[in-house]
Amino acid sequence: MNQLLYRVYVVDDDPAVLKALARFLHSAGYDPVGFSSAREFLERYQEGTPGCLVLDVSMPGITGLELQRWLQERKSPIPIIFLTGRGDIPTSVQAMKGGAVDFLTKPVNETDLLSAIEEAVKRERQARSARLEAGAIQARLDTLTPREREVLEHVVSGRLNKQIAAELGTVEKTIKVHRARVMEKMGVQSLAELARIAERTGIGPTLPGSSPSPPNSPPP
Amino acid sequence: MVKFLCSTALNGFLGSALSRRREPVHCFQQMRGSIGKKVGRSSVKRMLIFFSSLGGLLLSFTCFAAATAPPKRVLLLYSFGRNYWPYAIVSSTFQTELAQQFKEPIEFHEASLEAAGFTGSESDEPVVAYLQALFAGREPDLVVPCGGPAVRFVLRQRARLLPTAPLLLAAMEARHLQGFTLDTNTTAVSVTFDLPGIVQSVMQLRPDTTNMVVVLGNSPLEHFWKAEIQREFEPFTNRTSFTWLDQLSLVEMRERVSHLPPRSVIVFLGVHVDAAGVPYEENQALTAIHAVANAPMVGMFDEELGLGIVGGPLLSLAEDGRETVVAAIRILNGESPANIHTPPEVPGNPVYDWRELKRWRIRESQLPPRSEVRFRTPNFAAQYRWRILGVAALCLLEAALIIALVRELRRRRQTEQSLRVSQERMNLAAGAAELSIWEWDLLTDQIWASGPTASRLRSSEAGQSDYSRFVHSVHPGDRDAVTQAVAKATNGGGDYETVHRAIMPDGQMRWVAARGRVEFDGKHKPLRMRGVSLDITARKEADNRLQESERRFLLLANSAPVLIWAAGPDKLCNFFNEPWLKFTGRRLEQELGNGWTEGVHPDDLAGCVNGYTEAFDARSPFTLEYRLRRHDGQYRWVSDHGVPRYDAQKNFLGYIGSCVDITERKQAEADLQETRRELAHVSRVSTLGELAGSLAHELNQPLTAILSNAQAAQRYLNSAPVNLEEVREILKDVVAEDRRAGEVIIRMRAMLKKGGVQMAPQDLNDLIGEVVTLMRSELVVRKVLVEMKLEPNLPLVRGDRIQLQQVLLNLIINACDAMTDNEVADRRLSVQTELAEPGQVQVTVLDRGPGFAPAALECMYQPFCSTKPNGLGMGLAICRSIITAHAGRLSVANNNGRGVTARFTLEIYREARP
């Protein structure tokens with residue numbers, strides 16, 4: 001197996017369909033792994049492994065939609081492309097709402113499937129880089145002292161140093177020092193940049209009078 | 001006690017009184033010119049008398065000896081006594097043959113040791129003393145000890161007793177010589193017992209023998225032999241047990257052998273002295289045992305055969321005796337005994353007693369090869385052939401005589417009988433006053449008559465000639481015919497015959513049949529006419545009644561609104577009524593016989609004719625349905641019902657039958673069936689409509705596989721190098737998937753088709769499998785789990801595949817519908833097949849739904865009764881009509897707990913399974 005090939009998990013209870021899909025994906029340059037049921041997939045899938053999931057909707061036991069819901073609850077980032085032999089609108093709406101990349105009807109067109117997989121690859125890549133960036137920011141955030149963090153929250157809320165000093169019961173000069181340290185630790189040059197990073201990590205502006213919101217818990 | 005016997009045999013005479021069995025009388029002469037003397041079979045007592053006359057014999061010997069050389073002196077030394085079995089055979093043969101064959105006179109001396117001297121003790125002494133005294137100064141020319149004890153005695157006392165006499169050891173078993181070295185003046189003629197051979201022989205005759213009973217005496221010699229026999233029988237003790245009777249008296253032995261357990265065989269080895277000390281001479285013991293034995297007996301010696309032993313390999317003692325004679329003559333002629341070597345005699349080929357074989361049911365095929373069977377008794381027929389023939393001839397002669405006499409008697413009786421009968425008949429005829437005899441003298445015109453004719457003529461008016469009176473008595477309507485018949489007869493025809501009505505004096509009319517013959521003279525002038533008249537009024541009336549009955553039948557048959565036919569016992573039709581002829585538009589002649597079959601529709605002809613023939617041969621009523629061509633060419637269905645006819649005497653007369661036109665009924669039936677089929681089809685289509693989504697999915701699966709496979713193949717073909725193996729695999733899968741899609745389509749099309757009903761043997765398990773496959777996707781979507789409990793050895797049923805599938809489909813969909821509101825885990829339905837009552841297969845579909853409401857239960861088989869929002873209400877009604885048309889039963893009922901059980905049964909297909 002080529003390490004560079006992109007992994008595609010295929011789940012379908014029909015062995016002939018499963019085999020044909022795997023074969024097609026292999027011919028198209030992917031690394032397909034087939035499962036005949038959702039349960040089998042769950043037993044063998046290692047979370048965090050890169051790849052996407054091509055999933056049959058109606059299967060005995062756990063259905064495609066149920067698997068999607070389950071993964072969603074676990075916040076699994078794997079992108080899902082649904083295949084169905086009997087596409088009805090409520091099902092497709094439910095699937096798309098659940099964050100599916102696409103909802104394709106059988107027999108599935110080559111172009112549709114491949115473009116859906118490309119989309120999944122792209123999405124996953126984005127998600128991964130977002131995740132990496134968030135990780136980096138979080139790492140920097142973790143270097144802040146509690147006081148610096150407080151200052152940061154007030155800064156991104158657009159308050160002036162004087163206001164912050166008043167709020168925190170200190171002098172403006174001290175806030176200025178804190179603020180410079182925060183900028184330095186977070187590796188930003190401008191206030192706008194700091195605000196963007198903070199937003200991405202979920203640190204929102206603190207409204208005057210309200211207590212500062214707790215930082216986001218790290219992802220599971 | 002020691003007993004001595006001494007005798008001398010003279011030239012010309014030796015009575016071998018001891019020769020005991022084969023030749024009841026011995027007679028021989030020695031030396032020409034001597035006087036022969038017969039000695040009959042003797043008992044021991046007679047022998048004593050014989051020996052007491054010894055003196056006289058010696059005297060005659062002396063006289064003879066004066067003229068010639070002195071006789072040779074031969075001493076015979078017996079172990080027990082001269083009459084003891086089995087030495088007596090040897091010694092008597094020896095004496096007889098030696099006296100015959102040796103050219104010089106011989107003087108025989110005999111001495112007996114009785115039971116003494118076997119082991120060697122002081123009991124030898126008196127014998128030694130006696131013999132020393134007897135032969136002092138002149139030893140015998142030959143000493144012949146007979147038997148083991150005598151031989152041992154002589155060898156022990158050789159030096160003291162007979163230092164120079166030649167010794168010929170005789171009548172003993174070879175093992176008696178063990179421990180002795182024979183000097184140069186000694187030779188032996190011995191026998192060898194084959195003791196294991198006896199047991200083997202028994203095993204061959206009676207392989208199932210488990211008990212061998214050894215009959216043996218209790219003397220010192222027999223003690224010796226018991227030890228020898230026990231040793232040699234030892235290897236056989238794992239196959240059979242040995243019972244020893246040597247500790248019993250002969251009386252006790254007889255008691256024992258008469259109550260032996262089954263599978264016993266007696267081995268008779270001889271009893272010289274029994275345990276009670278009683279000695280037995282000759283064959284006393286053997287015959288005594290044989291008389292009461294309840295098991296077969298075997299022995300060792302040829303001479304015992306015929307006395308009760310079955311047989312086996314036997315030793316001939318007579319032969320041993322002859323061998324001894326040969327040796328004796330050579331010694332007496334001066335040859336050194338050391339030069340004489342006689343090999344021990346061994347048992348010869350097996351010999352059997354036919355009577356004993358028969359008695360113990362031993363087949364001759366069991367005997368060993370080269371066996372000889374003696375004492376064959378010719379069977380009764382052969383034995384008394386001429387006597388039987390004579391008696392038979394006599395019987396035959398007598399039988400013939402008796403038969404002849406009986407015949408004669410019967411013939412006479414028959415003659416008497418027939419005479420009596422004919423007289424009785426005449427009386428009867430006269431008594432009934434039906435037969436008249438008459439004679440008309442034409443020359444005098446006088447008529448003499450008896451019976452009714454007489455009274456008929458007498459009462460006529462006077463003055464008229466007899467002939468005119470006669471004519472007057474004839475009914476006017478018949479007069480011309482009668483007078484013409486008379487004229488024809490008298491004018492040369494000679495024969496007169498009429499049937500006419502006569503008016504009797506009381507005015508009654510009677511039918512009369514008359515017949516007469518005219519006698520003519522030489523010139524052909526009629527002289528007289530004689531004849532008889534018979535009153536046939538009763539017959540005539542019966543005829544009329546019959547005609548009337550027939551007329552009535554015809555009227556009835558022709559006016560009935562059905563087609564009626566009749567056939568004779570030969571199956572050929574001999575009657576068709578007018579409605580039949582009108583219906584077919586054919587003439588009676590065309591229909592008679594088998595002509596009517598021309599109107600039967602060719603497709604129905606074979607069935608019709610077969611049904612007719614089979615019923616006819618069985619004489620059973622039948623109903624056949626077939627198409628019959630109407631006069632307008634249209635074939636009409638008729639139902640033909642025939643029954644056999646018999647006369648009053650139960651004689652079979654043929655068949656009579658009637659047909660009715662049932663075309664309308666047939667059409668109605670066909671219409672009904674068509675309607676039912678249409679309805680079933682509509683229901684099927686609507687059911688399949690419900691499954692449309694699932695069926696699309698079932699088709700989509702193989703199509704998906706095909707498409708993906710094909711696209712993969714395209715890509716592989718564009719890559720380099722092309723992986724042809726992979727492509728080949730892909731194409732194989734494509735073909736398989738295409739076939740799968742095709743099957744789905746075929747199955748669907750079959751269900752959608754509005755075909756006719758095709759009854760054929762069906763495997764319900766297969767049908768269930770197909771239906772469940774067809775519904776697979778539907779079941780997945782509905783999350784219903786199907787549990788199948790199918791009887792693996794389910795017999796076939798007869799039915800229409802599509803219709804039965806329709807029923808199953810309906811029942812399963814119903815079951816699924818019923819469980820829509822169940823928890824997913826509880827949506828389980830079970831499909832079972834099993835053998836129900838004898839000859840029935842049962843299919844059960846069980847759901848876990850809420851069951852039917854009571855109102856629904858009441859109308860569930862009615863059309864348009866539905867519990868479903870979109871239901872047509874036809875499902876169960878159609879299922880039930882289908883199953884009923886298959887001669888089965890469908891029932892639907894609520895379960896005790898919850899859910900519904902739908903169940904149908906079908907009859908097992910009767911013909912042999914392929």
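Reply: Glu698(B) counts as buried because its relative accessibility is 6%; buried means under 20% relative accessible area, exposed over 50%, and partly exposed in between, with a 1.4 Å probe and protein chains only. This is a predicted model, in which local features need pLDDT of at least 70 and side-chain atom pairs count only at pLDDT 80 or more, while totals for chains, interfaces and linings use all residues. Side-chain values use heavy atoms, without hydrogens and water, residues are numbered from 1 along each chain as its sequence is written, and chains are lettered from A and ligands numbered from 1 in the order in which they are written.

Arg776(B) is partly exposed, at 30% relative accessible area. Glu698(B) forms a salt bridge with Arg776(B), their closest N and O atoms being 3.5 Å apart; the term stands for a side-chain nitrogen of Lys or Arg within 4 Å of a carboxyl oxygen of Asp or Glu. Glu698(B) belongs to helix H22 and Arg776(B) to helix H25 (residues 776-781) of chain B, so the pair ties together parts 78 residues apart in sequence. Helices (H or I, at least four residues) and strands (E, at least two) are DSSP runs, numbered from the N terminus.

Helix H22 (692-718) is also among the elements that cover the buried residues of H23(B). Others in that cover include helix H1 (15-27) of chain A, and helix H21 (663-690) and helix H24 (764-774) of chain B; contact means heavy atoms within 4.5 Å. The buried residues in H23(B) include Val727(B), Ile730(B), Asp733(B), Glu737(B) and Arg747(B). Helix H23 (residues 724-752) has 29 residues and should span 42 Å at 1.5 Å a residue, which agrees with the 42 Å between its end C-alpha atoms; the expected span is 1.5 Å times one less than the number of residues.

The whole structure holds 63 salt bridges over all chains. Another of them joins Asp12(A) and Lys106(A), with the closest N and O atoms 2.8 Å apart. Asp12(A) lies in the loop between strand S1 (6-11) and H1 of chain A and Lys106(A) in the loop between S5 and H5, so this pair ties together parts 94 residues apart in sequence. Both Asp12(A) and Lys106(A) are buried. The peptide bond from Lys106(A) to Pro107(A) is cis, with omega near -10°, and Pro107(A) is in the loop between strand S5 (102-105) and helix H5 (110-143).

In chain B, Asp478(B) forms a salt bridge with Arg501(B), the closest N and O atoms being 3.0 Å apart. Asp478(B) is in helix H16 (residues 476-493) and Arg501(B) in strand S15 (residues 495-503), 23 residues apart, and the pair links distant parts of the chain. Asp478(B) counts as buried at 11% relative accessibility, whereas Arg501(B) is partly exposed at 21%. Elsewhere, Glu173(B), Arg175(B), Glu228(B), Arg231(B) and Glu232(B) are linked in a network of salt bridges.

Cys879(B) is buried, with a relative accessible area of 0%, and Cys395(B) is partly exposed at 47%.
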